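Please open the model in your viewer and keep the sequence panel beside it. We will go from selection to selection, and at each stop I will tell you what is there.

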Amino acid sequence: MADIQLITPEKWADYELIDSGNFQKLERFGEYILSRPEPQAIWDKSLSDAEWEDQAQATFRRDKQSPERGDWKISSDMRDPWYVTFKQGGLNLKFKLALTTFKHVGIFPEQANNWQYIHDKIKAISAEVPRPKVLNLFAYTGGASLAARQAGADVTHVDAVKPVISWARENMDHSELDNIRWVVEDAVKFVRREVRRGNHYNGIILDPPAYGRGPDGEKWVLEEQINDLLKSCADLLDRSDFFFIINLYSLGFSSLILENLMGQIFGNVPNPEWGELCMEDSHQKRLPLGVFYRFAS
């Protein structure tokens, strides 16, 4: 059995976690510094409130009536949207960022290590399979899809939110890539249909939210549906040349829950890695940002 791991991405030029604490995080995305809520940063800030205020060009403010939403206090010299690049280990990607009412900006920097893992595993599989097939579920604005496509995979990108698909398509264009298959659909429905069709994929990536709605109002509740979805994904995964990644962000899910699920459904998988994704701020505080499990042939 693999030991639990803490994975922190390598530093990259266009992102920095400057500080964290008091349920907030101060981050630099390219040329701009943002202050956003962070429920797991329960410790004190290292910098003063005045230093945060002086540095942040945009600060997210929660809506008191709907705490999942909010707006941004923005300095006059900030452009929205703006762009960042990710250049590491064979990857050269460009992302559009924007300030959304859900506090997100278009990428999750803690995923950078997974992007590199995807790229490397596809390159390894390509020795046996000239154009590996990769399925990215709950795929958001496409960081993992771009990494897979740049490595040479045939990528199917599935998300239930049409504007997010449009955003991912823009990222594909900015990264000078092409031919990603875009699917606006409920992930559970799509996977079940692919199983019935007898299709298989060399790589499967999942980033499911805690809660969500499909394009036709389908309800997604992580605790209730993840077990069945993973069983269907096991049917879709190629038996010879493969990799699999799942990330969970729900505060109620520990990496032990995920390790138990994966062990029961997939059995004795090769090269398992599991644990927590985290980012380290400039004051050496490590901020947990989700749990993961991944394996590869």
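In what kind of crossing does helix 2 pass helix 3, left-handed or right-handed? Helix 2 passes helix 3 in a right-handed crossing; a crossing is called right-handed if the near helix is turned clockwise from the far one by less than a right angle, and left-handed if anticlockwise.

A few words before the next click. This is a predicted model, in which local features need pLDDT of at least 70 and side-chain atom pairs count only at pLDDT 80 or more, while totals for chains, interfaces and linings use all residues. Residues are numbered from 1 along each chain as its sequence is written, and side-chain values use heavy atoms, with hydrogens and water left out. Helices (H or I, at least four residues) and strands (E, at least two) are DSSP runs, numbered from the N terminus.

**Stop 1: helices 2 and 3**

Select residues 112-125 for helix 2 and residues 143-150 for helix 3. Two packed helices are described by the angle between their axes and the distance between the axes. Here the angle is about 25° and the axes are 8 Å apart. Axes are lines fitted to C-alpha atoms, for helices over the stretch in contact, and angles run from 0 to 180 degrees between N-to-C directions. Helix 2 is therefore roughly parallel to helix 3 (angles under 35 degrees count as roughly parallel, over 145 as roughly antiparallel, 65 to 115 as roughly perpendicular and the rest as oblique).

Now show side chains. From helix 2, Trp-115, Ile-118, His-119 and Ile-122 meet Gly-143, Ala-144, Ala-147 and Ala-148 of helix 3, where contact means heavy atoms within 4.5 Å. These residues divide into 6 nonpolar, 2 polar and no charged. In this scheme Ala, Val, Leu, Ile, Met, Phe, Trp, Tyr, Cys and Pro count as nonpolar, Asp, Glu, Lys and Arg as charged, and the others, Gly among them, as polar.

**Stop 2**

Zoom in on strand 15 (residues 243-248) and strand 17 (residues 286-296), an antiparallel pair joined by 6 bridges; two strands pair if DSSP finds at least two bridges between them. Click Ile-245, and you will find Arg-294 of strand 17 as its bridge partner.

**Stop 2: helices 6 and 7**

Select residues 222-236 (helix 6) and residues 255-266 (helix 7), which pack at an angle of about 40° with their axes 10 Å apart. That angle makes helix 6 oblique to helix 7. The crossing of helix 6 and helix 7 is right-handed. Look for Ile-226, Asn-227, Leu-230, Lys-231 and Ala-234 in helix 6, which meet Leu-261, Met-262, Ile-265 and Phe-266 in helix 7. By class, this contact has 7 nonpolar, 1 polar and 1 charged residues.

While you are in helix 6, click Glu-223. Glu-223 counts as partly exposed because its relative accessibility is 44% (buried means under 20% relative accessible area, exposed over 50%, partly exposed in between, with a 1.4 Å probe and protein chains only). Leaving out residues up to four places away in sequence, Glu-223 touches Ala-210, Tyr-211 and Phe-253. Its C-alpha atom is separated by 7.8 Å from that of Ala-210, 13 residues apart along the chain.

**Stop 4**

Strand 2 runs antiparallel to strand 3 (residues 24-29), with 6 bridges joining them, and Leu-17 stands opposite Glu-27 in strand 3.

- In the loop between strand 2 and strand 3, pick Asn-22. Its phi is near 55°, a positive value in a residue other than glycine.
- Tyr-140, in the loop between strand 9 and helix 3, also has a positive phi, near 55°.
- Finish at Pro-81, in the loop between strand 6 and strand 7 (82-88). A cis peptide bond joins Asp-80 and Pro-81, with omega about 10°.
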